Amino acid sequence: MKVVMVEPNKPAYVTEIGNDYKSLHDAVGGLIELIYFLHELGVVMVGNEESKLLGMEGNRRFDDGIVAGPFFICGDDGEDFCSLTDAQCEKYVRQFAEPEQITRQEVEDDMKIEITFF
């Protein structure tokens, strides 16, 4: 599937990855986690669930926090991940074109645990 890959200290780029768990796992360097910092229907960010615990470098800042380690942006059809459109690829490559310098201390300060009760 066609995704936009965003790695620490690098501009975003379009690439192809498989839609199987191993490919997703390898793309983010570990356990996959959906990250809900983008607010576009049908688009999702996927990162490493343990990135901050593993000491991965800070990648990008969002209003809701800092994402550490690599992440990718892909489509979400409600059941499965899918390719982004060409227009979506262009949009997110532009949005994440400039790498951000994020200190290890900023990443550590952003670590939090959410507990949800049902």
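## Charges, rings and loops

Asp80 is partly exposed, with a relative accessible area of 45%, where buried means under 20%, exposed over 50% and partly exposed in between, for a 1.4 Å probe and protein chains only. Asp80 is found in the loop that runs between strand S7 (71-76) and strand S8 (81-82), and together with Asp76, Asp77 and Glu79 it makes up a negative surface patch. Such patches consist of residues with over 30% relative accessible area and no salt bridge, like charges being joined within 9 Å and nonpolar side chains within 5 Å. Helices (H or I, at least four residues) and strands (E, at least two) are DSSP runs, numbered from the N terminus.

The model is a predicted one, in which local features need pLDDT of at least 70 and side-chain atom pairs count only at pLDDT 80 or more, while totals for chains, interfaces and linings use all residues. Residues are numbered from 1 along each chain as its sequence is written, and side-chain values use heavy atoms, with hydrogens and water left out.

The structure holds 7 salt bridges, each being a side-chain nitrogen of Lys or Arg within 4 Å of a carboxyl oxygen of Asp or Glu.

| Salt bridge | N to O distance |
|---|---|
| Glu7 and Lys10 | 3.9 Å |
| Arg61 and Glu100 | 3.1 Å |
| Lys52 and Asp110 | 2.4 Å |

The pair of Lys52 and Asp110 links distant parts of the chain, with Lys52 in the loop between S4 and S5 and Asp110 in the segment after H3, 58 residues apart. Lys52 is partly exposed at 21% relative accessible area, whereas Asp110 is buried at 15%. Arg61, with 35% relative accessibility, counts as partly exposed, as does Glu100 with 23%; salt bridges that share partners join Arg61, Glu100 and Glu106 into one network.

There are 4 aromatic pairs, which require ring centres within 6.5 Å, planes under 30 degrees apart counting as stacked, over 60 as edge-to-face and the rest as tilted. Phe62 and Phe96 form a tilted pair, with 5.9 Å from centre to centre and 55° between the planes. Phe62 is buried at 16% relative accessible area, and Phe96 is buried at 4%. Phe37, Phe62, Phe71 and Phe96 form one aromatic cluster.

Asn9, although not a glycine, has a positive phi of about 65°, and its place is the loop between strand S1 (2-6) and strand S2 (13-16).

Definitions and conventions:
Accessible areas come from the Shrake-Rupley method with a 1.4 Å probe; for residues, only the protein chains shown count as cover. Lys and Arg count as positive and Asp and Glu as negative; His and the chain ends are not counted. The place of a charge is taken as NZ of Lys, CZ of Arg, CG of Asp or CD of Glu. Rings of Phe, Tyr and Trp (its six-membered ring) pair if their centres lie within 6.5 Å; planes under 30 degrees apart count as stacked, over 60 as edge-to-face and the rest as tilted.
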